[in-house]
Amino acid sequence: GNLSFTTSYQTAIQSAELIIIAVGTPSAADETADLRYVFASAKSLAPYIQENAIVVIKSTVPPGTLEKGIEIIKEATSTKFYGASLPEFLREGSAVHDTLNPDRIVIGATENFVFEKLEELHQKLQAPVVRCKVASAQMAKYTANSYLATRITFINEIANLCEKNGADIDEVIKAIGHDKRIGQHYWYPGLGYGGSCFPKDVKELAAYSRSVGESGNLLNRVNEINSNRIFYLLEKFAKKINGFENKTVAVLGLSFKPNTDDMREAPATKIIPYLSEKGAQIKSYDPMAKYSMEIKNHQQFATIEEACNNADVIMAVVEWPEIIDFDFAKVKNSKTQFFIDCRNQFKSEIVKSWNYQYIGIGKR
C-alpha cells in the first residue's frame, strides 16, 4: 500500500513533502546534457507544490541545473519550497541491489531542514551520508563515473605498451595492485567502456569543462581515446589473422556488459558493422540482448554452439557466465581458428591447449 502510480501531476504533487525529479538527461548533439525533461518536469509540478515541500533532482545534471529548476518553479508559484540534489550511483544490472545497499548517500543542499528530511528518508538504508553543496553533489556523480572510465582508459593505454614490449597486462595489474593506493580492483583492459552512463557522463563533463574554459583537460582526451579504441583494436586483430575478408566470425556477447540487454554504446554495435564492411560472415550470440540493426552477412543464433559452428574466428566480447564457462574445445574443428579474448577472461594456455590461436589484450 506504500506505492501507487498516476499520470496526474496534481494528484502526485499536491500532498507531497518530497518531490524527486528522476528523468533522463541524454547527451545533446554538442555532447552537453540535454536538460529539457528536467525543466519540463519542474514547470509541470510548479502549480501544485505545497508549502515547504522539497524538490530534489536525482537526474545526472551539471552544476547550475538545480538553481535554474528552482527559478522555473518560482515563475509559476509564490509557495515557499526548497531544492536539493540527490545523485544516484547505481550500476546497470544491479540497480535494485545498489538502491537497497548504497555505498553512500550524497545530499546537496543549503538548509539544515532539507538535510535532515532527506537523511530521514534514507535512514533505514544505514549508509554513510555525505552533506555537501549542491554543486558538489552534482559534480560527485560525474566525477565517480568519469574516474572509473579514466581508469579503464588508462589500463588500455598500458596494455597497448605491453603488446609492444612483451609484458603481460594481467601480470602488470597484479604487480601494481599490491600498492594500497592503487588496488587490484576495477582494471578492465579490453575494448573500452560502454553502456548508458560512462560514455554519456564523460562526454557531458568534458563538454561542461569546455564551457567553463577548461578545454584542454584530461576528460576530453579520455573521451577521444575511448571513441577510437574499438577500431584501433579491430585493425590490430585484422593484421594478426590476415584480414577478416571471407572469414566466418562468431561474436559472443552483444550487450555492453553482463546481466543486461542494454546495447547502448555496446562494443558489438561497432564490431559487427566493421566486420560486415570488411567482408566477413558474422554469427552472433547473447543470452539476453537482441541485435536489432539490419547488417549484411550477420545472423544471431540462440546458442554458442550454433554461433561458433565452423567459425574461423571466435570473439569473446562480453564476460557473460554462459560464455566464460562454455567448453570451446567441443566446437573446435581441424582448421586454423583464432580465439580473440576481448576482456582477458580466459587463460591463454588453456585456449591454446584446445588448439586455437589465442589473441588477448595487452599480451603478446
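1. **α6 against α8.** In this predicted model, helix α6 (residues 134-165) and helix α8 (residues 198-211) have axes that come within 9 Å and cross at roughly 110 degrees. Axes here are lines fitted to C-alpha atoms, for helices over the stretch in contact, with angles running from 0 to 180 degrees between N-to-C directions. That angle makes α6 roughly perpendicular to α8; the classes are under 35 degrees for roughly parallel, over 145 for roughly antiparallel, 65 to 115 for roughly perpendicular, and oblique for the rest. The crossing of α6 past α8 is left-handed, meaning that the near helix is turned anticlockwise from the far one by less than a right angle (clockwise would be right-handed). Helices (H or I, at least four residues) and strands (E, at least two) are DSSP runs, numbered from the N terminus.

2. **Who touches whom there.** On the α6 side the contact (heavy atoms within 4.5 Å) uses Met139, Lys141, Tyr142, Thr143, Asn145, Ser146, Leu148, Ala149 and Ile152. From α8 come Phe198, Asp201, Val202, Glu204 and Leu205. Sorted by class, the contact of α6 with α8 has 8 nonpolar, 3 polar and 3 charged residues. For the classes, Ala, Val, Leu, Ile, Met, Phe, Trp, Tyr, Cys and Pro count as nonpolar, Asp, Glu, Lys and Arg as charged, and the others, Gly among them, as polar.

3. **α6 against α9.** α6 also packs with α9: the axes come within 10 Å and cross at roughly 40 degrees, which makes α6 oblique to α9. This crossing is left-handed. Ser146, Ala149, Thr150, Thr153, Asn156, Glu157, Asn160 and Glu163 of α6 meet Leu218, Leu219, Val222, Ile225, Arg229, Tyr232, Lys236 and Lys240 of α9. The class count for the contact of α6 with α9 is 6 nonpolar, 5 polar and 5 charged residues. Note that Ser146 and Ala149 are listed for α8 and again for α9.

4. **Asn223.** Worth a click: Asn223 sits in helix α9 (residues 218-240). Asn223 counts as buried, at 11% relative accessibility (buried is under 20% relative accessible area, exposed over 50%, partly exposed in between, with a 1.4 Å probe and protein chains only). Its contacts, leaving aside neighbours within four places in sequence, are Glu31, Tyr193, Val202 and Lys203. Val202 is also one of the α8 residues that touch α6.

5. **The six-stranded sheet.** Here 6 strands make an open, parallel sheet, in the order β8-β7-β6-β9-β10-β11. β8 (298-301) and β11 (357-359) are at the edges with a single partner strand each, so one side of each has no neighbour in the sheet. From one strand to the next, the twist averages 20 degrees. At the β8 end, strand β7 (residues 281-285) runs parallel to β8 and is joined to it by 4 bridges; pairing requires that DSSP finds at least two bridges between the strands. Ile282 has His298 of β8 as its bridge partner.

6. **Val317.** At 2% relative accessibility, Val317 counts as buried. Leaving aside neighbours within four places in sequence, Val317 contacts Leu191, Val251, Leu252, Gly253, Pro267, Ile271, Cys342 and Arg343.

7. **β1 and β2.** Strand β1 (residues 18-21) has a covered face of Ile19 and Ile21 and an uncovered one of Leu18 and Ile20. β1 pairs with strand β2 (residues 53-57) in the parallel sense over 4 bridges. Leu18, on the uncovered face, has Ile54 in β2 as its bridge partner.

8. **Thr110.** This residue is in the loop between β4 (105-108) and α5 (112-121) and counts as exposed, at 64% relative accessibility. Gly83 is 27 residues away along the chain, and the C-alpha atoms of Thr110 and Gly83 are separated by 8.4 Å.

9. **Overall.** The protein has 13 helices and 11 strands, and its C-alpha atoms fill a box of roughly 75 × 45 × 40 Å along the principal axes. Of its 364 residues, 48% count as buried. Among contacts with a separation of 6 or more, 68% come from residues 24 or more positions apart.

10. **Ground rules.** Residues are numbered from 1 along each chain as its sequence is written, and side-chain values use heavy atoms, without hydrogens and water. As the model is predicted, local features need pLDDT of at least 70 and side-chain atom pairs count only at pLDDT 80 or more, while totals for chains, interfaces and linings use all residues.
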